[in-house]
Amino acid sequence: QVQLQESGPGLVKPSQTLSLTCTVSGASITTGDYDWSWIRQPPGKGLEWMGDIVYDGSTYYSPSLKSRTSISRDTSKNQFSLQLSSVTPEDTAVYYCATQKTYSFVYWGQGTQVTVSS
């Protein structure tokens, strides 16, 4: 059983950088079993895929967020992280980390609420 846990600040000020970390247990982020994804859901809206990091550290981003998004990893801690720069109130959402396999999201973290407000 793969378990994921998001962590990070729940409140970020406009124009700052949102930083979240996903801690993984039950699988290694350096094997090819899964891709490792960040997904968000703004209030009243659907899920939005933000990007992936895969077993060799390569990254893939949503075209609409690519200019502001960076996903990295710490293999020693089996963690991967999200940074979203220049945030606005429109970036307020529940942020999830998840595993992806053949275009399906298999395991999810519980999600963490991030509010962008001054």
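# A tour from the aromatic cluster outwards

Start by selecting Tyr 34, Trp 36, Trp 38, Phe 80 and Tyr 107: together they form one aromatic cluster. Rings of Phe, Tyr and Trp (its six-membered ring) count as a pair if their centres lie within 6.5 Å, with planes under 30 degrees apart called stacked, over 60 edge-to-face and the rest tilted. Before you zoom in, note that this is a predicted model, where local features need pLDDT of at least 70 and side-chain atom pairs count only at pLDDT 80 or more, while totals for chains, interfaces and linings use all residues. Residues are numbered from 1 along each chain as its sequence is written, and side-chain values use heavy atoms, with hydrogens and water left out.

**Stop 1**

Searching the whole structure turns up six aromatic pairs. One of them is Tyr 34 with Trp 36, an edge-to-face pair at 5.9 Å centre to centre and 70 degrees between the planes. Now show Tyr 107 too: Tyr 34 pairs with Tyr 107 edge-to-face as well, at 6.0 Å centre to centre with 80 degrees between the planes. Tyr 34 lies in the loop between E3 and strand E4 (35–41) and Tyr 107 in strand E10 (residues 104–108), so this pair ties together parts that are 73 residues apart in sequence. Strands here are DSSP runs (E, at least two residues; helices are H or I, at least four), numbered from the N terminus.

Trp 36 is buried at 1%, Tyr 34 is buried at 15%, and Tyr 107 is partly exposed at 22%.

**Stop 2: along E4**

Next, select E4. This strand is mostly covered, with five of its seven residues buried. Which strands pair with E4? Strand E9 (residues 93–101) does, antiparallel over seven bridges, and so does strand E5 (residues 48–53), antiparallel over five bridges. Two strands pair if DSSP finds at least two bridges between them.

**Stop 3: the open sheet**

Now colour E1, E3, E8 and E7. These four strands form an open sheet in the order E1-E3-E8-E7, with antiparallel pairing. The edges are strand E1 (3–7) and strand E7 (69–74), each pairing on one side only. Neighbouring strands in this sheet are turned by 20 degrees against each other on average, direction ignored; axes are lines fitted to C-alpha atoms, for helices over the stretch in contact, and angles run from 0 to 180 degrees between N-to-C directions.

Look for Gln 3, which stands opposite Ser 25 in E3.

**Stop 4: Asn 78**

Select Asn 78, in the loop between E7 and strand E8 (79–84). Asn 78 is buried, at 15% relative accessibility. What does its side chain reach? A polar atom of the side chain lies 3.1 Å from the backbone oxygen of Val 24 and one lies 2.7 Å from that of Ala 27. A polar contact is a pair of N or O atoms within 3.5 Å; within protein, one must be able to donate a hydrogen and the other to accept it, and residues adjacent in sequence count only if both atoms are side-chain atoms. Setting aside neighbours within four places in sequence, Asn 78 is in contact (heavy atoms within 4.5 Å) with Cys 22, Thr 23, Val 24, Ala 27, Ser 28 and Ile 29.

**Stop 5: two positive phi values**

Finish in the loops. Ser 86, between E8 and E9, has a positive phi near 50 degrees although this residue is not glycine, and Ser 86 is partly exposed at 43%. Then select Thr 102, in the loop between E9 and E10: its phi is near 45 degrees, again positive in a non-glycine residue, and Thr 102 is exposed at 68%.

Key:
Buried means under 20% relative accessible area, exposed over 50%, partly exposed in between (1.4 Å probe, protein chains only).
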